[in-house]
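Hi,

Here is the structure I promised to pass on to you. Please open it alongside this email, and I will go through what turned up in it.

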Amino acid sequence: MQPNVTLTSTRHDAVIVGAGFGGMGAAIALQRLGIDDFVIVEREADLGGTWHVNKYPGLAVDIASMTYSYSFEPNPYWSRLYAPGAELKRYAEHVAETYDLRRHMRFSTAVAGARWDADAEHWVVSVEGGESINARFLLTATGFLSQPHTPDIPGIDTFAGTIIHTAAWDDTIDLHGKRAALIGTGATAVQLVPQVAKLVDELTVFQRTPIYVVPKIDGPIPSPVQRMFARIPLTQRVARLVNTSLLEAMMVTGVLHYRQAKLFNKGAATLARAHLRSQVRDPELRRKLTPDYDFGCKRPTFSNDYFRTFNKPHVRLETGTIDRVEPDAVVTADGERTDIDTLILATGFNLWDVNFPAIEVIGRDGRNLGKWWRDNRFQAFEGVTVPYFPNFLTLASPYSYSGLSYFTTIESQMRHIARLLGELQRRAAGTFEVTEHANAEFLDRMTERLGDSVFNLGSCQTSRSYYFNKHGEAVILRPTSTINAFREAERFPLSSYAFG
Ligand code: NAP
């Protein structure tokens, strides 16, 4: 952390970094404990995290909305099974209003870092500009996919046309009649490619690694069903349970419990291949779109119109390696030029260099969290706490992501917060810190469980998946069922913590 001249200093019970769904969930967990003196610091100009930042055409959830929402704040009025991005942003605003969170939020305020002051027993959170905020508890909810990745392709800076990253979409850009290149074929591109293809004259999609895409059972939710969800909330809870169970069976079981449930994994891969076959006739094109790694090594996605977009005469899939960008073209290693006037970067996010943690965090005895994670291994007890970091809850952590819907992660973390801080209050203690023993035991257990996953047993070498860090460890997803994550969040031994 840069030594800052402290201009002003305020004190609160808690500072939450990030006003997305993670930060708002953490805030609600604090409110339920009667902790109301907290500030939510957000670098963007408004709340909603991903759903505030991302605005590209075609943006929608790829987890059905009845699952991709807080279970305790269901929205009976989702317009579709998979709600468009703008509805998610409105849902975030609704949650903020319902739980009176806006008054706690400070926007356009970037946190530079945080340091534990052992004498004062509080965190000193430095905000860019010189201000510092002191707080007993620090909760970071900075997300996993929040730092856009711009590839350093030679010549990219010389491009003379319009260049746009999906995470910084500009609505004023008119794509009609353009000759566009789109780099990337992740979940974002799968949503965006069909939309861009409708507008431009020519579209070349540069694919480095193909993605598994399974059919999306989507459609508008008719108003009688919405009314039923509103009048009889149990019906929506049942729909959520069915959808969550399907996701759990297909994705979590087949991916994380690969050793025991390889059949689920192979079934999902077969479904994706059948989906591709039903949409693309050309065998060569199909071959190019077929992944050569196991299902789940990289996050799969859902779409009914991605594959078929490549059948259109003005859309081309380019699998040659990009050599360079010129002012008016993308040139592949074989020397082929694709003349363009618009370059769309669907190149995802940088996870490992700039997250974990997203801000500098210095704990007890000067321990630097980012350095410690890198010098040792990425680890966090139950995906939320770290030894030497008292009164700190890190919500975007190794082994924290549970299930496929982010809300499963948030809600299990809310339960952990409730149990941990509830115990702190019961003891009238000032500090908590996870013990080295509990942390080591959890890490050993997760490492052993990962041994059953597709990441260790499957063929993932060619997947280029962001799940893996530089040491080849897939440490984002918690390799257990979501039921296990919830159970442990509610019942972890209280002896896992030292209270002071
Ligand atoms: P991503 O999955 O990381 O995909 C980035 C793409 O860019 C990959 O195809 C990557 O190729 C390519 N790429 C990056 N650098 C490149 C380079 N130098 N040359 C050529 N290609 C390059 O990012 P994303 O598509 O934005 O999705 C990220 C995550 O966001 C998803 O996995 C999902 O979790 C989430 N998401 C969710 C939704 C939703 O509706 N809920 C929608 C969109 C995204 P390689 O694979 O070869 O590296």
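One cut-off first, as it is needed below: a residue is called buried when its relative accessible area is under 20%, exposed when over 50%, and partly exposed in between. Lys 89, at 14% relative accessibility, therefore counts as buried. Please keep in mind that this is a predicted model.

Salt bridges

The structure holds 33 salt bridges. As background, side chains of opposite charge can pair when their charged atoms come close.

Helix α3 (residues 85-98) holds both Glu 93 and Lys 89, which sit four residues apart, about one turn of the helix. Glu 93 has a relative accessible area of 23%, so this residue is partly exposed.

Another pair is Glu 411 and Arg 240, whose side chains meet in a salt bridge at 4.0 Å, N to O. Because Glu 411 lies in helix α11 (residues 406-426) and Arg 240 in helix α6, this pair ties together parts that are 171 residues apart in sequence. Both Glu 411 and Arg 240 are buried, and for Arg 240 the relative accessible area is 18%. The side chain of Arg 240 also reaches the backbone oxygen of Met 66, at 2.9 Å.

Glu 488 is buried, with a relative accessible area of 15%, while Arg 445 is partly exposed at 23%. There is also a network: salt bridges with shared partners join Asp 323, Arg 324, Glu 326, Asp 328, Arg 337 and Asp 339.

Asp 46

Asp 46 is found in the loop between β2 (38-41) and α2 (50-53). With a relative accessible area of 14%, Asp 46 is buried. From Asp 46 to Glu 93 the distance is 9.5 Å, C-alpha to C-alpha, and 47 residues separate them in sequence.

The ligand

I expect this part will interest you. How many residues surround the ligand? There are 24, and the closest are Ala 60, Thr 188, Thr 209, Lys 298 and Tyr 466. The shell divides into 10 nonpolar, nine polar and five charged residues. Helix α4 (residues 187-199) gives the most to this shell, with three residues.

A side-chain N or O atom of Thr 209 is 2.5 Å from a ligand oxygen, and a polar side-chain atom of Tyr 466 is 2.7 Å from one. With Ala 346, a backbone N or O atom lies 3.3 Å from an oxygen atom of the ligand. On its own, the ligand has 910 Å² of accessible area, and the protein covers 87% of that.

A nonpolar surface patch

Lastly, Met 228, Ile 232, Leu 234, Val 238, Val 242 and Leu 246 make a nonpolar surface patch of about 530 Å². Helix α6 (residues 233-256) gives the most to this patch, with four residues. Val 242 is found in helix α6 and, at 48% relative accessibility, counts as partly exposed. Arg 240 has its place in helix α6 as well.

Happy browsing, and best wishes

Terms used. Residues are numbered from 1 along each chain as its sequence is written. This is a predicted model: local features need pLDDT of at least 70, side-chain atom pairs count only at pLDDT 80 or more; totals for chains, interfaces and linings use all residues. Side-chain values use heavy atoms; hydrogens and water are left out. Patches are made of residues with over 30% relative accessible area and no salt bridge: like charges are joined within 9 Å, nonpolar side chains (Val, Leu, Ile, Met, Phe, Trp, Tyr) within 5 Å. Accessible areas come from the Shrake-Rupley method with a 1.4 Å probe; for residues, only the protein chains shown count as cover. Helices (H or I, at least four residues) and strands (E, at least two) are DSSP runs, numbered from the N terminus. Buried means under 20% relative accessible area, exposed over 50%, partly exposed in between (1.4 Å probe, protein chains only). A residue is near a molecule or strand if one of its heavy atoms lies within 4 Å of it. A polar contact is a pair of N or O atoms within 3.5 Å; within protein, one must be able to donate a hydrogen and the other to accept it, and residues adjacent in sequence count only if both atoms are side-chain atoms. Ala, Val, Leu, Ile, Met, Phe, Trp, Tyr, Cys and Pro count as nonpolar, Asp, Glu, Lys and Arg as charged, and the others, Gly among them, as polar.
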